[in-house]
Amino acid sequence: MTSKSTSKSTPENKGTAQLTAAMVLSGTLGIFVVESGASPFNVVFFRVLFGALALGAYVVARGWFRGHGFTPRKFGLAVLGGVFIVFNWVLLFQSYENTSISVATVVYHTQPFYVVLLGALLFRERLTAAKAGWIVVAFAGLILVSGIRPADFTGGDTTYLLGIGQALLAALLYGLSTLVTKRITGVRPHLIALVQVLVGIPLLLPFADFGAMRGTGAGWGWLVGLGLIHTGLMYVLMYSAYAKLPTAKIAVLAFTYPAVAMVADWAVYGHHIGLVQALGVPLIVAASLKVTLAKAMPAKAMPAKPAQVTLPTTAPAPAAAPAPRTAAHAPEAASRPATPAASEV
């Protein structure tokens, strides 16, 4: 009986380790973006370029192009989802510059609520009073986390406010991509992801500034890492884990991503959210879990379906030395009001 129980739990344990590793990688995404020193459009262009090479090599090695399952309709949906995903990354990376990795990531993690609201609005999916209530709680937490003050709406510098808006719009595009991708059945998620990153290459080509890449130097290593590690490896780990885990565990482990992002932002750049902002984090976490688990209840016994998760090695820079693209954002400016670090008390 013991051996039977152990053998049954082994795939789930493996899936837990795989998804945890994928979410830890997600949490370091912002470090790679900032350290590359490239503009958001350039970052995303090279991410999809190197990511397509990594995912394409994996799919070829597994022989998944044969019997791929795409129809014209499914392929069109994958392309549309790719458009949403690519511009979602651009907006998120712009938000890193205008706020901080911590704030942008937590605000961006309101994605599940957009999925519920968009599903009710566009596809008339049922929105219960309980879900609506939790969404209200989540957005109350969002207001706290954002640290927005009345002066932001009247003052001359609206950079921070713009960054919050970019993170929210990125989450909205992610939600649209999720709803589109959910309607693609009978196709491996790796193939859908490959189509989505391939779409980004011609889509972003007009916006990429190759002249600005001269003298990038070590920044190329960070860009290659975004494609190979944060797109290729991370997607493979995620999709492998989804097949082994129940939805409830996936929902809980997903919060490893913002937690690691906040720790990484503090460790590398000295950015930290303030006490009042921190009060909003558990509100968003609790509401997200309630909404996600409520959606999963009817299909508790069924294996979890692969979901579109954004990508959507901590940089070796010391905490006191912000990267070039965040040099203008002191910890106080990026996380308002900032709580003094222990060493500053």
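Biologist: Why is Glu125 called partly exposed?

Modeller: In this predicted model, Glu125 has a relative accessible area of 29%. Buried would need under 20% and exposed over 50%, so a residue with 29%, as Glu125 has, counts as partly exposed.

Biologist: What makes Glu125 and Arg183 a salt bridge?

Modeller: The closest N and O atoms of Arg183 and Glu125 are 3.4 Å apart. The cut-off is 4 Å between a side-chain nitrogen of Lys or Arg and a carboxyl oxygen of Asp or Glu, so the pair of Arg183 and Glu125 qualifies. Arg183 sits in the loop between α9 (159-182) and α10 (189-204), while Glu125 is in the loop between α6 (111-123) and α7 (129-146), so the bridge ties together parts 58 residues apart in sequence. As for Arg183, its relative accessibility is 27%, which makes this residue partly exposed too.

Biologist: How many salt bridges does this rule give?

Modeller: The count comes to two. In one of them, Lys249 pairs with Glu12, and their closest N and O atoms lie 3.1 Å apart. This pair links distant parts of the chain, with Lys249 in helix α12 (residues 247-253) and Glu12 in helix α1 (residues 2-27), 237 residues apart.

Biologist: What makes Arg124 count as exposed?

Modeller: Its relative accessibility is 80%, and exposed means over 50%, so Arg124 passes that mark. Arg124 belongs to the loop between α6 and α7. Its phi is near 55 degrees, a positive value in a residue other than glycine.

Biologist: How do you know that Phe41 is partly exposed?

Modeller: Phe41, in helix α3 (residues 40-62), has a relative accessible area of 23%. Buried requires under 20%, so Phe41 stays in the partly exposed class.

Biologist: Which residues is Phe41 in contact with, leaving aside neighbours within four places in sequence?

Modeller: Those are Phe87, Val90, Gln94, Leu204 and Phe207. Also, the C-alpha atoms of Phe41 and Ala208 are separated by 5.8 Å, although these residues are 167 apart along the chain.

Biologist: Which residues make the nonpolar surface patch?

Modeller: Leu144, Val276, Leu279 and Leu283 make this patch of about 300 Å². Helix α14 (residues 275-296) supplies the largest share, three residues, and Leu279 lies in that helix.

Conventions
Residues numbered from 1 in each chain as written. Predicted model: local features only at pLDDT ≥ 70, side-chain atom pairs only at ≥ 80, totals over all residues. Heavy atoms only, no water. Patch = residues over 30% accessible without salt bridge, like charges linked within 9 Å, V, L, I, M, F, W, Y side chains within 5 Å. Areas by Shrake-Rupley, 256 points an atom, 1.4 Å probe, with all protein chains shown as cover. Helix = DSSP H or I, 4+ residues; strand = E, 2+ residues; numbered from the N terminus. Buried < 20%, exposed > 50% of the residue type's maximum accessible area, 1.4 Å probe, protein only. Contact = heavy atoms within 4.5 Å.
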